[in-house]
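Here are my notes on this model, as promised.

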Amino acid sequence: MNASTDADSTIQQRRAVVSPLNGNDEVELLEEIDVSDLKAVWFDSFAVDVSDEFSGIDTVGFYRCLNSGLRFFHPAIVGSESFYETLQHQPWYYLGEKAEYQFARGFISQRDKVLEIGCGRGEFAKKIAAKSYLGLELSSNAQKMAAADGISVIIQPVETHCLQCEQRYDVVCAFQVLEHVANPTAFIEACISCLRSGGLLILSVPNLDSYWTHSTNAVLGMPPHHVTWWIESALKHVASRFGMDIVATERERLADIHVGGYATVLVREALQRRLRLKKERKLINNSLYFKLLNKLAVNLSGSLAEFLLQDVHLRPVGHSITVVLRKPVA
């Protein structure tokens with residue numbers, strides 16, 4: 001195969017890429033990531049070997065949907081159950097308190113039937129007084145942890161659940177789940193199918209309009225963990241496309257757990273400007289200079305985090321954005 005044929009093949013592959021949100025081919029390639037670099041950062045960050053997750057894949061493209069603003073990775077490499085079981089050993093993976101929990105509970109009454117998708121160990125269930133609650137999970141470990149607390153969880157994807165439970169629930173919610181899903185369109189359609197007429201769909205996702213999208217080597221936002229990056233315009237696109245009404249939108253204030261990461265980003269950016277270092281906006285950077293720069297930023301950012309960011313009113317928009325959508329009354 002000659003160089004011309006190789007180039008033609010690459011063009012055809014790129015033309016085949018469509019937005020996972022609307023199937024439209026009006027997309028823009030932002031960056032191509034070498035999987036070997038991605039594997040290296042996963043191991044450096046969390047001592048996790050993700051080689052099996054990328055079997056036969058050498059590069060992953062990072063794209064932007066020109067219609068919705070959604071960013072997505074292609075191919076969409078979704079982590080296996082064993083991958084998630086490894087991450088579950090991290091103490092921060094299933095947080096008991098999240099800002100979106102407090103916001104969402106305000107839309108749930110005692111009489112509601114609630115379905116939570118990707119419920120983890122069932123922390124949200126403990127915070128609501130709904131008469132009926134069911135959690136869906138793909139992790140058997142998470143199901144066992146929830147069952148130990150008397151929380152009803154079954155192993156089943158929502159795309160299957162909706163076939164037997166059409167229009168059964170008053171509220172369907174998914175907190176920090178949609179970004180893990182390879183086919184968000186099918187996922188959202190299944191969620192809406194489970195809702196009764198006038199029911200509420202509550203979605204919480206990492207917010208592209210926050211500091212974490214500037215965090216180089218932040219592999220938790222990349223495959224095989226996250227396969228989409230969400231922004232408010234993409235959530236509005238969801239409402240419009242699926243005929244849902246937006247009831248409310250909430251942007252989380254920077255949470256305590258993310259203060260250190262935000263401070264490091266601020267200091268690293270300042271150092272790059274001060275030292276007049278070439279600034280490359282890349283998702284992955286394994287260079288020695290960047291590692292040294294980042295280590296210096298981590299060391300210097302402690303005082304900033306401790307003294308300047310303790311007042312929550314001075315903090316910027318944080319990690320998550322939550323939207324409440326209402327299914328039209330039939």
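1. Some ground rules: two strands count as paired if DSSP finds at least two bridges between them. Helices (H or I, at least four residues) and strands (E, at least two) are DSSP runs, numbered from the N terminus. This is a predicted model, where local features need pLDDT of at least 70 and side-chain atom pairs count only at pLDDT 80 or more, while totals for chains, interfaces and linings use all residues. Residues are numbered from 1 along each chain as its sequence is written, and side-chain values use heavy atoms, with hydrogens and water left out.

2. Strands E2 (residues 59–65) and E3 (residues 71–74) run antiparallel, joined by four bridges. Phe 62 sits opposite Phe 73 in E3. The two strands make a hairpin with five residues between them, and Gly 69 in the turn has a positive phi of about 90 degrees.

3. E3 also pairs with E9 (residues 228–229), antiparallel over two bridges. Here Phe 72 has Thr 228 as its bridge partner.

4. Helix H9 (residues 259–274) has 16 residues. Its buried residues (under 20% relative accessible area, 1.4 Å probe, protein chains only) include Arg 268 and Glu 269. Just after H9, Arg 276 has a positive phi of about 55 degrees.

Technical notes. Expected span 1.5 Å × (residues − 1). Buried < 20%, exposed > 50% of the residue type's maximum accessible area, 1.4 Å probe, protein only.
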